[in-house]
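I opened the model to look up its metal sites, its ring contacts and its pocket. My notes follow.

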Amino acid sequence: MAEVTYSHIDAITAVKPPQRRECDECVKIRAPWVHLRTCQKCGVTSCCDDSPNRHASQHARTSKHPVIASAEPGERWLYCYPHEAFAEY
Ligand SMILES: [Zn+2]
Ligand SMILES: [Zn+2]
Ligand SMILES: [Zn+2]
């Protein structure tokens, strides 16, 4: 159903930028990460699926926060986990 695919992304009126450019969970366990993503519900920044610990998708699953934004400089896109939907902004 196309009309619901972007419902989570459309609900975002102002994109939350990363507070810090690091994955809090990886810092705790001293793990490396590849790219960073910022949760658009609570603003936490965590690592992408190319990273060994995949904290961003883990966070989305456990806290049911559907949408992340790329926290990489120069990247302007949102991703909705439950709908697997990408959108640039
Ligand atoms: Zn969605
Ligand atoms: Zn991480
Ligand atoms: Zn969150």
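I looked up His55 and found it at 8% relative accessibility, so it counts as buried (under 20% relative accessible area; exposed is over 50%, partly exposed in between, with a 1.4 Å probe and protein chains only). Cys26 counts as buried too, because its value is 0%.

The model is predicted, so I kept its limits in view: local features need pLDDT of at least 70, side-chain atom pairs count only at pLDDT 80 or more, and totals for chains, interfaces and linings use all residues. Residues are numbered from 1 along each chain as its sequence is written, chains are lettered from A and ligands numbered from 1 in the order written, and side-chain values use heavy atoms, without hydrogens and water.

**Zinc ion (ligand 2)**

I listed the protein donors: Cys23 (SG), Cys26 (SG), Cys47 (SG) and His55 (ND1), 2.0 to 2.3 Å from the zinc ion (ligand 2). Donors are N, O and S atoms within 2.8 Å of the metal (3.2 Å for Na, K and Ca); water is not among the atoms, so sites may look incomplete. The donor angles run from 105 to 120°, and the site is tetrahedral (four donors, all angles between 85 and 135 degrees). I read the spacing as C-x2-C-x20-C-x7-H. Cys26 in helix α3 (residues 24–29) and His55 in helix α4 link distant parts of the chain, 29 residues apart. Helices (H or I, at least four residues) and strands (E, at least two) are DSSP runs, numbered from the N terminus.

**Zinc ion (ligand 3)**

Which residues hold the zinc ion (ligand 3)? I found Cys39 (SG), Cys42 (SG), His59 (NE2) and His65 (ND1) as its protein donors, at 2.0 to 2.2 Å. The four donor atoms subtend 104 to 115°, so this arrangement is tetrahedral. The donor spacing is C-x2-C-x16-H-x5-H. Cys42 sits in the loop between β1 (36–39) and β2 (45–47), and His65 in the loop between α4 (55–63) and β3 (67–70); the pair spans 23 residues. Cys42 is partly exposed at 42%, whereas His65 is buried at 16%.

**Zinc ion (ligand 1)**

Here I found three protein donors, His8 (ND1), Cys80 (SG) and His83 (ND1), 1.8 to 2.2 Å from the zinc ion (ligand 1). Their spacing is H-x71-C-x2-H. His8 lies in helix α2 (residues 7–10) and His83 in the loop between β4 (77–80) and β5 (85–88), so the pair ties together parts 75 residues apart. His8 is partly exposed at 29%, and so is His83 at 28%.

**Aromatic rings**

I counted three aromatic pairs (Phe, Tyr and six-membered Trp rings with centres within 6.5 Å; planes under 30 degrees apart are stacked, over 60 edge-to-face, the rest tilted). Trp77 and Phe86 are edge-to-face, 5.1 Å centre to centre with 65° between the planes. Tyr79 and Tyr81 are edge-to-face as well, at 5.2 Å and 85°. Both of these tyrosines are buried. Trp77 is buried at 17%. Trp77, Tyr79, Tyr81 and Phe86 make one aromatic cluster.

**Pocket**

Where is the largest pocket lined? Its lining is His8, Ala11, Ile12, Ala14, Lys16, Gln40, Lys41, His65, Pro66 and Val67.

How values were computed:
Tetrahedral: all angles 85-135°; square planar, octahedral: opposite > 155°, others 65-115°. 1 Å grid on protein atoms, 1.4 Å probe; cavity = no way out; pocket = protein on both sides within 12 Å on 5 of 7 lines; lining within 4 Å.
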